[in-house]
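My notes follow in the order in which I checked things.

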Amino acid sequence: MSQDAQHVWIYCEDEEVTNDVLAVCRDCRRFQMVPAVVRPTPGSPSCASAETWRSRLKSMLTMLPLPYGPGERAGFWSDAEVLVVASLESSTLAGARRKEA
């Protein structure tokens, strides 16, 4: 894998939008893009410790951040989960690159 490769973690609720983003990444000619679709899944590393980071985040939030409304708590936590999963994957990739160097 080239050092110039751009890794893109994708999360879209609509499968057609996901496919559109994947197509844009694959068709990019300026540099190599490596797309990966990320979804929250039970048993993922972040799910195993979800209560730890969720409780910390809950203690910092008095209300859900925009654009989430009061009735969108489940959507917020789902989006946060995907962000944690993508961050862990990025960190793992960065660690592997450091070992190769």
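**Entry 1**

I began with Thr 18, which counts as buried at 1% relative accessibility (buried means under 20% relative accessible area, exposed over 50%, partly exposed in between, with a 1.4 Å probe and protein chains only). I note that this is a predicted model, in which local features need pLDDT of at least 70 and side-chain atom pairs count only at pLDDT 80 or more, while totals for chains, interfaces and linings use all residues. Residues are numbered from 1 along each chain as its sequence is written, and side-chain values use heavy atoms, with hydrogens and water left out.

I placed Thr 18 in helix H1, residues 15-27 (helices, H or I of at least four residues, and strands, E of at least two, are DSSP runs numbered from the N terminus). Leaving aside residues up to four places away in sequence, I found Thr 18 touching Ile 10, Cys 12 and Val 37, where contact means heavy atoms within 4.5 Å.

I then listed the buried residues of H1, which are Thr 18, Leu 22 and Cys 25. Seen down the axis of H1, the buried residues fall within an arc of 60°, so they line one face of the helix; the arc is taken from the directions from the helix axis to the C-beta atoms. Strand E1 (6-10) and strand E2 (33-37) are among what covers these buried residues, whereas the face turned away from the buried side carries the exposed residues Glu 16, Asp 20, Val 24 and Asp 27.

**Entry 2**

I counted two aromatic pairs, taking rings of Phe, Tyr and Trp (its six-membered ring) as paired if their centres lie within 6.5 Å, with planes under 30 degrees apart stacked, over 60 edge-to-face and the rest tilted. Tyr 68 and Phe 76 are edge-to-face, at 5.2 Å centre to centre and 80° between the planes. The rings of Phe 76 and Trp 77 have centres 4.9 Å apart and planes at 70°, so this pair is edge-to-face. I recorded Tyr 68, Phe 76 and Trp 77 as one aromatic cluster.

Again leaving aside residues up to four places away in sequence, I found that Phe 76 touches Leu 57, Leu 61, Leu 64, Pro 65 and Tyr 68.
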